[in-house]
Amino acid sequence: MLLRRLWNTGSLGGRRAVSYVQGQSPAPKVREYFYYIDHEGMLFLDDARIKNFTSCFKEKQFLEFFFKRLKLNDTERYRDEFPFLSVCGRERNYIRCDDLPIVFTHIVRDGEGKERLAYAHASDKLSVEWQPDRICMFPASGRVYHPAPERYGSIGLVRSKLAIELSNGFTFCNGEDHPPTHFLWSSTNHELDQKWWQNTYIGRREQPEANVQC
């Protein structure tokens, strides 16, 4: 039996109550489901009472299918509460998240030996080009971000374990209360582009301090 759920959602903005039924059908041949992505990039049913590794979705083919169809919610339904959407056939999968839907988990190498950032716990099935000069850390939260495909809002979160490893390469020429100015990777000290994020989904949410070069 389907149970109606009433949840407080909206991690990316003001919290509000929303009512839904998993699998509800607002129109003929349309089903709606509701999901949540945590700051480690794990995917859950939104109404799962316990959200940990045992209850998240782990099947790599499903994750690849789900995330390749993920985009900004361009419908009139649940746009504020679930700002992202994955359309799979007749299913509309509405998604909210702790921070962003794309969470980079580790660095992999492709068949040509080029480094890429993998995301969504889908092994190497989902990845983007690694751009060490476009890493961005916001001191207020300590979270680290990297460019993502445009359909995801053009920005993704770096999971905490990987962010800690990468942070060893940061140089803070303006002090640690400001964003890092340089990043050492593979013996190259990259001058960081501190403005790319401003035209992304997160750009209207965060306002980190202006970068001051050495």
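N93 sits in strand β7, residues 91-97. Strands here are DSSP E runs of at least two residues, numbered from the N terminus. This is a predicted model: local features need pLDDT of at least 70, side-chain atom pairs count only at pLDDT 80 or more, and totals for chains, interfaces and linings use all residues. Residues are numbered from 1 along each chain as its sequence is written, and side-chain values use heavy atoms, with hydrogens and water left out.

Is N93 buried or exposed? N93 counts as buried because its relative accessibility is 1%; the cut-off is under 20% relative accessible area, with a 1.4 Å probe and protein chains only. Contacts next, meaning heavy atoms within 4.5 Å. Leaving out residues up to four places away in sequence, N93 touches Y33, Y35, F66, F84, L85, S86 and C88.

Now the cores. A nonpolar core is a set of buried Ala, Val, Leu, Ile, Met, Phe, Trp, Tyr and Cys residues joined through side-chain atoms within 4.5 Å. The largest one has 42 residues, and F67, L70, F104 and Y119 have the most contacts inside it. It draws at least three residues from each of domain 1 (24-97) and domain 2 (103-206); those bounds come from an automatic or database assignment. A second, separate core has seven residues, including V18, F34, Y78 and L85.

Last, the sheet. It is open, with six strands in the order β10-β9-β8-β13-β12-β11 and mixed pairing. Pairing takes at least two DSSP bridges between two strands. β11 runs antiparallel to β12 (residues 143-147), over three bridges. In one of them, C136 partners Y145 of β12.

Notes
Helix = DSSP H or I, 4+ residues; strand = E, 2+ residues; numbered from the N terminus. Buried < 20%, exposed > 50% of the residue type's maximum accessible area, 1.4 Å probe, protein only.
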